[in-house]
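My notes follow in the order of the look-ups.

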Amino acid sequence: MKTSFCCILAILFVALHAQSAIYVKPGATGGGTSWADAADLEAALAQAQLSGGDVYVAKGFYQPKATLMIANGVSVYGGFAGVDSGEMPHGRDLANNETL
């Protein structure tokens, strides 16, 4: 019984602390849950500051209206094509998907 309880606690801890990526495209206005629902960069960084995790930024040019702060625990990755929500940081193509 003790082992089962510990395993359940471990699974619950991982599930509660799992951080999903926030997806960003130029001019997007969505919630950032996928490339189809991408957010703008400023909204994504504000959201990531609350939840931690990764911000995946699609190719394109971004010109923020103000200085952007990246909170501790937040990672920002550019170089994505911005079409497949299964893309992971190691699958980026920085040369062909320039992110400025």
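Entry 1, contacts and surface. I began with contact range in this predicted model. Among contacts in the protein chain with a separation of 6 or more, 41% are between residues 24 or more positions apart. I then looked up burial: 29% of the 100 residues in the protein chain are buried.

Entry 2, elements. I counted two helices and three strands in the protein chain. Read from the N terminus, their order is α-β-α-β-β.

Entry 3, sheet. I asked in what order the strands of the open sheet lie. The order is β1-β2-β3, and the pairing is parallel. I noted β1 and β3 as the edge strands, each pairing on one side only. From one strand to the next, the twist averages 20 degrees. Between β2 and β3, which run parallel, I found five bridges. For D54, the bridge partner in β3 is S75. I next checked α2 against the sheet: α2 packs on it and touches β1, β2 and β3. The direction of α2 makes about 165 degrees with that of β1.

Which residues of the largest nonpolar core touch the most other members? I found V24 and V55, in a core of 17 residues. The elements giving two or more residues to this core are β1 (22-24), α2 (41-51), β2 (53-58) and β3 (74-80). I then listed the contacts of V24, leaving aside its neighbours within four places in sequence. V24 is in contact with W35, A38, A39, D40, L41, A44, V55, Y56, V57, A58 and Y62.

I placed Q47 in helix α2. Is Q47 buried, exposed or in between, and what is its relative accessible area? The relative accessible area of Q47 is 34%, so I logged the residue as partly exposed. The cut-offs behind that are under 20% for buried and over 50% for exposed. Leaving aside neighbours within four places in sequence, I found Q47 in contact with I22 and G31. I also took the distance from Q47 to G32: 9.1 Å, C-alpha to C-alpha, at 15 residues apart in sequence.

Technical notes:
Residues are numbered from 1 along each chain as its sequence is written. This is a predicted model: local features need pLDDT of at least 70, side-chain atom pairs count only at pLDDT 80 or more; totals for chains, interfaces and linings use all residues. Side-chain values use heavy atoms; hydrogens and water are left out. A nonpolar core is a set of buried Ala, Val, Leu, Ile, Met, Phe, Trp, Tyr and Cys residues joined through side-chain atoms within 4.5 Å. Buried means under 20% relative accessible area, exposed over 50%, partly exposed in between (1.4 Å probe, protein chains only). Helices (H or I, at least four residues) and strands (E, at least two) are DSSP runs, numbered from the N terminus. Contact means heavy atoms within 4.5 Å. Two strands pair if DSSP finds at least two bridges between them. Axes are lines fitted to C-alpha atoms, for helices over the stretch in contact, and angles run from 0 to 180 degrees between N-to-C directions.
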